[in-house]
Amino acid sequence: MISRGIHNMARTGKKEKIRIRYYECNMTKSQHLLAYFFFAVGIGMVLFIYYRVFVVSVAGGLLLAGFQEKNYAGSVMRKRQSRLRMQFKEFLEIVSVSVSGGSGRSMENAIIDSLHELRLIFHQDADIVREIALIVDEYERTGIPMAEGFAELGERSEIDDIVSFATVYKTMAGKSGEYGYIIAQTRDIIKDKAEIIMEIETGITAAKSEAYMMLILPLVLVVLMSVIGSGFLDALFTTAAGRISATVGVVCTFASYVIAVRATEISI
């Protein structure tokens, strides 16, 4: 079994190859700080709308931003995994076409040649391009079987499709001449799953948009009534009952946001 404790950086010849753990957050410190600052400002503005107290708004924004930044970092990680899954589907399409048709082309050559097309479809720094380049580089330089490279990628990505492909590849390596048929079947299964995932994610995106609109609407109403209400909401910012009502509104707003986010985090 390939250990998860593999070093993040692996040296191959004179080149330094990055091995990313896709099940971990790979944001830089500056990205974390920028996201924290953004959420602190946003949450602080929401609190100011309800309380009109600068100190409370700043303190609450700084406190709650840490929680929201962690949620954001998790969503970035999941999006990167999803993007790699879709890119891997394209990789399988290329390899399947290359080894099908009875040309006798080996899997290794098909994978090596796929790099050119992957660079045309995606950019040079795309995750799938970097990962396939790493597998090819290790195969050509040190003779490490590509099946092992895909197995290691499956562990680092925790993507079922890659794990399944690595298992199939390892099983048929050197034992079958039906590469084209087996890869085509594997591609079709993964393609069908990817299409289902895309349909589900489209529905989730629409539901998220509706939920966010419902969350923003109360804030817009409070702002509009504060501006054009001729003192209609003054009691909300000056009396004890108003403060309690504002607190209830804040709690409901953030609770609704958390519920909306959690409800749309579906693992497929």
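Reply: Buried means under 20% relative accessible area, exposed means over 50%, and partly exposed lies in between (1.4 Å probe, protein chains only). This is a predicted model, in which local features need pLDDT of at least 70, side-chain atom pairs count only at pLDDT 80 or more, and totals for chains, interfaces and linings use all residues. Residues are numbered from 1 along each chain as its sequence is written, and side-chain values use heavy atoms, with hydrogens and water left out.

Me: What percentage of the 268 residues in the chain is buried?
Reply: The chain has 268 residues. Of these, the buried share is 40%.

Me: Which pattern does the chain follow along the sequence?
Reply: Helices (H or I, at least four residues) and strands (E, at least two) are DSSP runs, numbered from the N terminus. The chain has nine helices and two strands. Read along the sequence, the pattern is β-β-α-α-α-α-α-α-α-α-α.

Me: Is Gln 68 buried or exposed?
Reply: Gln 68 is found in helix H2, residues 54-99. Leaving out residues up to four places away in sequence, Gln 68 touches Phe 39, Ile 43 and Tyr 257, where a contact means heavy atoms within 4.5 Å. Because its relative accessibility is 8%, Gln 68 counts as buried.

Me: Where does Asn 26 lie, and which residues does Asn 26 touch, not counting those up to four places away in sequence?
Reply: Asn 26 lies in the loop between strand S2 (15-18) and helix H1 (29-51). Asn 26 counts as partly exposed because its relative accessibility is 34%. Beyond four places in sequence, the residues that Asn 26 touches are Ile 20, Arg 21, Gln 31 and Arg 80.

Me: Which backbone oxygen does the side chain of Asn 26 reach at 3.1 Å?
Reply: A polar contact is a pair of N or O atoms within 3.5 Å; within protein, one must be able to donate a hydrogen and the other to accept it, and residues adjacent in sequence count only if both atoms are side-chain atoms. The side chain of Asn 26 reaches the backbone oxygen of Arg 21 at 3.2 Å. At 3.1 Å, the backbone oxygen reached is that of Glu 24.

Me: How far apart in space are Asn 26 and Ala 73, C-alpha to C-alpha?
Reply: In sequence, Asn 26 and Ala 73 are 47 residues apart. From C-alpha to C-alpha, their separation in space is 8.5 Å.

Me: Why does Ile 216 count as partly exposed?
Reply: Ile 216 lies in helix H7, residues 179-228. Ile 216 is partly exposed because its relative accessible area is 45%.
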